[in-house]
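Here is a short briefing on one protein chain. Have the sequence and the 3D view open as you read.

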Amino acid sequence: MVLSAASEQQLADGSTRQTGVFLNEFYEPYRALIDAGYDVVVATPQGRAPAFDPEGMDPSYWKEHPEALAEAQALVTQLPQLRTPLNLSEVRARADDFQALLIPGGQGVMVDLLDDADLHGLLIHFGASDRPVGLVCHAPALLTRMPAQQNPFAGRSVTSVSGFEEWYIETFVMDARAKVRGIGDQLDDAGYRHETALPGRSHAMRDCNLVTSQNPFSGADFNAHFLAALSDWRNAGRCAADTDEPPRASR
């Protein structure tokens, strides 16, 4: 799992706000992977401790499992990997040691991960070797920065935070527009087949080894798709995109 270590975000009007990883977008896939028997390694740029967005602590994001908020908050303070994560450049050098790559969302992604060369290299490497790649909420924005001639995900079906959800967050949470926004439009412009569900609804998609999700309410669907992609890869499953058939997308 690659996490943002950015604790502050500058907005379009020059103001700043606290930012970071959205807590349940880390906790839910982390717990699902651990419960499925996987070891999870955490990496960040320069090996700095990840930051978590205070907005992600709001109980409104934990309505389905309110008891999980306290467990997630405790995990953040107790998990050794969050205190001393691996350096992202080290992970890139060891890419073949890992079965999958997962990037939780949050506005922090837009600060220190969006243009990170090591992360781009990892995405290219994992995509080219058909290993599962999971991008949550804001993290699909990374696909818009991939070098076109090396992009193994070109033309895939994806979802991400919707334009309405971006507007809502900016209006009622951030009090200003983000510097980098319009993720869905950027994905469309880059040639991806982008779609979203109604705001606040669970929505996740799988296109071969690429799994994307729309918002913090999509955890269960995202986890199911990602674990299935991992199982397929471990069992030498072959994606339809490797044949003459169109890529497989599931929701």
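Val133 stands opposite Leu210 in strand β10. The model is predicted. Strand β6 (residues 133-136) and β10 pair in the parallel sense, over 4 bridges.

**Strand β10 and its partners**
- On its other pairing, β10 runs antiparallel to strand β9 (residues 204-207), again with 4 bridges.
- Leu210 in β10 is the bridge partner of Asp207.
- A hairpin is formed by β9 and β10, with 2 residues between them.
- Cys208 sits in that turn and has a positive phi of about 60 degrees.

**Side chains of β10**
- In a regular strand, side chains alternate between the two faces of the sheet.
- Strand β10 spans residues 210-213: Leu210 and Thr212 point one way, Val211 and Ser213 the other way.
- All four of these residues are buried.

**Cavities**
- The whole structure holds 2 cavities of 30 Å³ or more.
- The volume of the largest cavity is about 70 Å³.
- Its lining includes Val136, Ser213, Asn215 and Phe222.
- Two elements, α1 (23-35) and α9 (219-234), each give two or more residues to the lining of the largest cavity.
- Helix α1 supplies the largest share of that lining, 4 residues.

**Nonpolar surface patch**
- Phe164, Trp167, Tyr168 and Phe172 make a nonpolar surface patch of about 470 Å².
- Phe172 lies in helix α7 (residues 163-174).
- Is Phe172 buried or exposed? Phe172 counts as exposed because its relative accessible area is 52%, and the cut-off for exposed is over 50%.

Key. Residues are numbered from 1 along each chain as its sequence is written. This is a predicted model: local features need pLDDT of at least 70, side-chain atom pairs count only at pLDDT 80 or more; totals for chains, interfaces and linings use all residues. Side-chain values use heavy atoms; hydrogens and water are left out. Patches are made of residues with over 30% relative accessible area and no salt bridge: like charges are joined within 9 Å, nonpolar side chains (Val, Leu, Ile, Met, Phe, Trp, Tyr) within 5 Å. Accessible areas come from the Shrake-Rupley method with a 1.4 Å probe; for residues, only the protein chains shown count as cover. A salt bridge is a side-chain nitrogen of Lys or Arg within 4 Å of a carboxyl oxygen of Asp or Glu. Buried means under 20% relative accessible area, exposed over 50%, partly exposed in between (1.4 Å probe, protein chains only). Two strands pair if DSSP finds at least two bridges between them. On a 1 Å grid over the protein atoms alone, a cavity is a set of points where a 1.4 Å probe fits but cannot get out, and a pocket is an open set with protein on both sides within 12 Å along at least five of seven lines; lining residues have an atom within 4 Å of a point. Grid points are joined across faces, edges and corners, and a volume is the space filled by probe spheres set on the points.
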